[in-house]
Amino acid sequence: MFEGVAGHARVTEMLIREARRPANSYLFVGASSIGKATVATEFARVLLCPDSDDHAEDCRSCRRVWSGNHPDLIEVGLEGRQSLGVEQARNIVQTATMIPVESEIKVFLVPEAGMLTEQAANVLLKTLEEPTSSTIFLLVAESEMDLPSTVGSRCRTIHMGRVPSDLIERHLLGLGVDETRAAALALVSGGRPGVAIGLITDTEIDAFRKNWLNLPTRLSERPGEAAMLATEVEGWVAPLASRAVSDVDLTKDERQREERRTAAALMESGLEILATWYADAAAIQYGAPLRNMDLPLADLTAISPKRAVRNSELILEAIADINANLRRHLLLTNLFTQLASG
Amino acid sequence: MAEYQALYRKYRPQTFDEVVGQSHVTTTLSREVADGHVAHAYLFAGPRGTGKTTTARILAKTLNCENRLADGSPDNDCDSCLAITEGSSFDVLELDAASHNSVDDIREMRVSVTTVASTGTGRRVFILDEAHMLSKAAGNALLKTLEEPPEHVHFVLATTEPYKLLDTVRSRTQRFDFHSVSIESLTAHLARISDIEGYKTEPAALIAVARHATGSVRDSLSLLEQVAALGDSTVDLNGVNRALGLADQEAYSALTAAIADQDAQAGLELVARLAGEGVDLRRFVAESVGFLRGVFLAHYAPNLAEVADEPEEVLEHWRKAAVRLPAGDVLRGVDLLGEALIKLREGREERLMLELAMIKLTRPETSTDAEAMLSRMDRLERKINSLSSAPLADRKPTFTDPAPQPAERAAVDPEPAPSPALDPTDTEVEDQLVAAAAPLVGEPESAPKANDVTIDMFRSVWPQLFGGLRDLLGARRWALFRETEPLDVRGSTLIVGVRHGFHLKSLEADPAAASIVATRAGDLLGGAVEVVFAPADGSVTIAGDENDVRSNRREDPEQEPERVPDQNQMDEASDDLTDPFKLIEDELGGTVVDESDGGG
């Protein structure tokens with residue numbers, strides 16, 4: 001079970017046991033593109049499977065979950081809206097009272113529960129707590145903070161972390177990706193299998209990571225140069241993001257959204273790669289294990305641990321700001337200037 | 001599968017007595033019912049999972065119960081009680097205020113309020129759950145009814161956020177505040193339910209579950225169920241740790257040691273170990289904050305058992321850590337990790353965040369905040385005190401601290417410094433090498449020292465040592481180590497000659513390399529040894545570069561003055577040790593400005 005999932009062994013082991021006696025509602029939380037919805041969908045498949053043994057290949061129910069048309073798996077998506085409002089929530093409440101079409105249970109999957117408005121989340125409360133015995137809710141959100149705590153309290157919360165890069169690498173090998181590529185993809189993805197898989201066929205993965213890791217030696221205090229670097233950095237991310245979603249079958253709107261999301265994830269990965277450079281610079285001077293094993297040591301030791309820590313923190317702050325949709329180019333320019341100044 | 005009910009639903013209390021940890025509410029309510037003084041509108045406020053809806057349902061039931069018990073509880077056996085438990089009663093209406101929050105909904109309810117109960121004497125009870133979600137207009141529409149409902153009608157408003165209710169609504173109700181349930185009550189409750197469910201439980205595991213539920217009965221039962229599912233009806237600490245992705249107890253001891261010894265390497269190695277084990281790092285940060293809070297309590301609360309709901313072994317763990325960690329460091333830890341926790345909630349990468357917090361925690365000089373400065377001054381102060389109370393010549397242990405830290409121990413109880421006859425040209429290099437080895441010699445070691453290693457022995461095991469290191473060191477370090485040779489032996493310190501200056505620098509910047517070589521060499525020579533790198537040709541290329549060598553060593557630079565090098569350096573060293581200005585400069589990286597004349 002859960003073979004299609006990269007990493008998350010602790011979570012899947014737990015869910016396999018849970019499936020025998022599932023709770024009413026589950027909330028999957030963790031960073032973007034780490035596989036939350038994948039795990040949730042797999043869990044739904046296991047729950048809906050008429051035979052609890054795993055026989056996915058020849059199981060009609062399982063095949064239909066995968067192809068996205070199981071009548072008792074009700075996915076509540078944004079479908080072009082900005083948020084999930086009271087109307088959608090009331091729909092869920094109403095549908096939840098109906099009996100399943102053909103299985104013993106029906107499963108509601110809300111892949112973007114974080115987009116529920118506060119009103120809508122409150123509408124769901126009573127239903128989440130005491131749904132009919134044949135209803136199971138699977139909510140997915142990036143953070144528990146995206147939902148009122150009263151929702152989290154009614155759900156069994158499954159925390160999912162980033163996937164260690166060796167597990168992503170192994171997963172990619174399983175998909176037939178060759179060794180060097182798998183390693184490169186795993187490093188670029190920043191623990192997000194979703195990003196790594198989207199980029200499997202991309203030829204510029206190595207360059208992407210190397211570019212970020214070369215940044216520290218190219219930084220300059222002059223704002224003009226920092227601005228040019230910022231432009232260059234944005235140029236690394238955008239084409240990669242659009243290629244990553246080019247294979248997926250989506251409508252134009254969905255594609256744009258997906259592309260924006262991937263670009264944001266890649267920018268975050270890139271900045272994190274940059275932050276690990278500085279973390280390594282501090283680590284090496286304290287004799288601690290490094291994350292990037294292929295960096296020129298002389299560069300790393302050229303910066304004081306204090307500055308390295310400060311720079312790493314500056315980068316993490318910049319990530320938060322970028323996620324808050326502030327002006328990206330300005331932020332990057334500012335960041336690069338700050339990184340260069342002693 | 002379909003019949004299965006979550007524990008928190010299965011064991012929803014059906015009498016006032018069964019409600020966990022809210023006796024201040026339930027005794028008052030049952031008295032009111034027994035005396036017949038039931039208010040027409042109640043407001044139940046309190047955090048999630050504390051029993052608001054449950055109590056409201058019991059109240060509704062007992063008001064309608066045909067054979068109400070003397071203590072005001074329902075008998076749960078009459079037709080009315082059974083109907084309410086089933087949710088099929090006409091007289092108890094549970095309204096979800098969140099999805100029925102419009103004026104129209106409330107108007108509908110007002111019509112319903114005027115109808116009589118299905119049984120002649122019955123009461124009608126309206127439970128408005130999530131009452132804070134009523135719109136303003138809906139709240140206003142309710143006001144008159146809420147103030148003066150018909151005789152047989154009672155309202156119960158339940159909410160987690162009472163301040164969101166209109167003042168006018170609040171003032172028309174009798175308010176009961178539900179409290180977070182204490183860990184003892186939760187633990188007892190969990191034990192009771194585990195018995196009924198036939199779970200095999202460990203007391204420590206139940207306490208851990210209760211602690212993680214943060215006062216919510218519902219959360220605690222969810223977690224209990226989750227752990228029981230994971231362990232096939234066995235609930236043990238290991239299961240709790242697995243269900244929550246928690247680190248083992250050892251991790252917290254390692255954290256304490258890393259902070260106390262200011263050992264960034266150990267701290268980062270701890271992070272790497274936890275990440276490799278699949279521990280939920282976010283939880284680890286949260287748990288560490290809790291742990292450090294406990295250590296802080298252990299510092300200042302003599303009656304620790306009374307202020308903390310924890311089993312004795314946890315308290316003991318805190319006390320031990322408190323002996324090692326000064327209170328300032330503990331507070332700083334709480335601050336730094338708390339900050340990291342907030343950033344983790346925003347979705348930052350767990351490992352990176354934790355690594356940064358760990359570096360700042362173990363190396364206060366890397367952070368600029370005032371607490372870090374205070375922590376450094378604190379250490380400095382203790383050092384100066386210990387120095388002035390024990391003159392260098394006859395230092396004996398005078399610490400009040402029950403467990404002196406290794407570095408301090410090295411200072412008070414130095415090994416006799418080796419004083420080999422040296423070739424004058426090599427003196428400086430040798431001094432440094434011996435100085436580097438001295439603190440390590442002074443540290444308590446479990447393995448016996450290999451004191452009588454000779455250069456011949458070193459040379460004879462060299463090929464074996466060299467051959468085995470390739471895999472141990474890994475490709476990167478191996479590339480640096482490849483062109484080395486045995487150079488000399490001082491006591492139990494092996495001096496390895498490195499042929500290229502750059503390789504030498506890199507190896508010195510990477511204490512892990514020396515420790516790997518030392519471990520391997522120790523195995524071959526049958527005793528603990530230290531390894532130091534030096535130029536292979538004996539030339540003094542690093543002599544002028546003293547600071548580099550020092551700052552790159554594993555030992556903390558600020559503990560430098562406590563090292564007791566050989567006789568040649570004794571005079572100079574003693575100046576370092578007793579000169580407070582020099583100490584301040586070393587510790588705080590500042591310069592001492594003499595303002596004694598102009599100041600005032």
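Modeller: Let us begin with burial: a residue is buried if 20 or more other C-beta atoms lie within 10 Å of its own, exposed if 12 or fewer, and partly exposed in between, with C-beta atoms placed from the backbone. Helices (H or I, at least four residues) and strands (E, at least two) are DSSP runs, numbered from the N terminus. This is a predicted model, in which local features need pLDDT of at least 70 and side-chain atom pairs count only at pLDDT 80 or more, while totals for chains, interfaces and linings use all residues. Residues are numbered from 1 along each chain as its sequence is written, and chains are lettered from A and ligands numbered from 1 in the order in which they are written.

Colleague: Which residues of helix α7 (residues 165-174) of chain A are buried?

Modeller: An α-helix has 3.6 residues a turn, so residues three or four places apart point the same way. In α7(A), the buried residues are A:Ser165, A:Ile168, A:Glu169, A:His171 and A:Leu172. They lie on the same side of α7(A) because they cover an arc of only 160 degrees around the axis, the arc being that of the directions from the helix axis to the C-beta atoms. A:Asp166 and A:Gly174 are exposed on the other side of α7(A).

Colleague: Against which helices do the buried residues of α7(A) pack?

Modeller: They pack against α8 (179-188) and α9 (193-198) of chain A. After α7(A) comes A:Gly176, with a positive phi near 90 degrees.

Colleague: What is the strand order of the open sheet in chain A?

Modeller: Strands of a sheet pair through backbone hydrogen bonds, either parallel or antiparallel. Two strands pair if DSSP finds at least two bridges between them. The open sheet of chain A has 5 strands in the order β2-β3-β4-β1-β5, with parallel pairing. Its edge strands are β2 (73-75) and β5 of chain A, each of which pairs on one side only. On average, neighbouring strands of this sheet are turned by 20 degrees against each other, direction ignored. β2(A) pairs in the parallel sense with strand β3 (residues 106-110) of chain A over 3 bridges, and A:Ile74 has A:Phe108 of β3(A) as its bridge partner.

Colleague: Is strand β9 (residues 493-498) of chain B largely enclosed or exposed?

Modeller: Since 5 of the 6 residues of β9(B) are buried, the strand is largely enclosed by the rest of the structure. Strand β8 (residues 484-490) of chain B pairs with β9(B) in the antiparallel sense over 6 bridges; here B:Asp488 has B:Ile495 of β9(B) as its bridge partner. β8(B) and β9(B) form a hairpin with 2 residues between them, and B:Gly491 in the turn has a positive phi of about 60 degrees. β9(B) also pairs in the parallel sense with strand β10 (residues 530-535) of chain B, over 6 bridges, and the bridge partner of B:Leu494 in β10(B) is B:Val531.

Colleague: How many residues of chain A are in contact with chain B?

Modeller: Two residues are in contact if their C-beta atoms, placed from the backbone, lie within 7 Å. By that criterion, 57 residues of chain A are in contact with 58 residues of chain B. Elements of chain A that each supply at least two residues of this side include α12 (252-285) and α14 (305-323).

Colleague: At what angle do α14(A) and helix α18 (residues 350-362) of chain B cross?

Modeller: Two packed helices are described by the angle between their axes and the distance between the axes. Axes are lines fitted to C-alpha atoms, for helices over the stretch in contact, and angles run from 0 to 180 degrees between N-to-C directions. The axes of α14(A) and α18(B) come within 11 Å and cross at roughly 145 degrees. The contact is made by A:Val309, A:Ser312 and A:Glu313 of α14(A) and B:Leu356, B:Ile359 and B:Lys360 of α18(B).
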